[in-house]
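Here are my notes on the model, point by point. Please keep the structure open as you read.

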Amino acid sequence: KMIEISKRLHNEYLSEFIDEIKEVLFERKTKDGYFEGHMSNYICVRVKSDEDLSHSFRDVIIQSVENGIAYGNLV
């Protein structure tokens, strides 16, 4: 029960960043085609891009949250 509450609260916290532009350090490309990185507060962010974003800082507008991960688009 506590794990479910923790996950719900984490997603609610992440939802506060929706429609905000945040700087993300991208680290790798996932098997499902997303580039994954982290904001300065260690929140995991994923975006789709044809450009190789690995090891770069980029501004991202956060669009949605799913399973503890923020999804967005490059600005």
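1. G68 counts as partly exposed because its relative accessibility is 23%. Here buried means under 20% relative accessible area, exposed means over 50%, and partly exposed lies in between (1.4 Å probe, protein chains only). G68 sits in the loop between strand 4 (56–66) and strand 5. Strands (E, at least two residues) are DSSP runs, numbered from the N terminus.

2. This is a predicted model: local features need pLDDT of at least 70, side-chain atom pairs count only at pLDDT 80 or more, and totals for chains, interfaces and linings use all residues. Residues are numbered from 1 along each chain as its sequence is written, and side-chain values use heavy atoms, leaving out hydrogens and water.

3. What does G68 touch, leaving aside residues up to four places away in sequence? It touches H10, N11 and L14. Contact means heavy atoms within 4.5 Å. From G68 to F17 is 51 residues in sequence and 12 Å in space, C-alpha to C-alpha.

4. There are two aromatic pairs. Rings of Phe, Tyr and Trp (its six-membered ring) pair if their centres lie within 6.5 Å; planes under 30 degrees apart are stacked, over 60 edge-to-face, the rest tilted. Y13 and F17 are edge-to-face, because their centres are 5.3 Å apart and their planes stand at 90°. F17 is buried, at 12% relative accessibility. Y13 is partly exposed, at 36%.

5. Y34 and Y71 also pair edge-to-face, with 5.3 Å between centres and 70° between planes. Y34 lies in the loop between strand 1 (21–29) and strand 2 (35–38), and Y71 in strand 5 (residues 69–74), so the pair ties together parts 37 residues apart in sequence.

Definitions and conventions. Helices (H or I, at least four residues) and strands (E, at least two) are DSSP runs, numbered from the N terminus.
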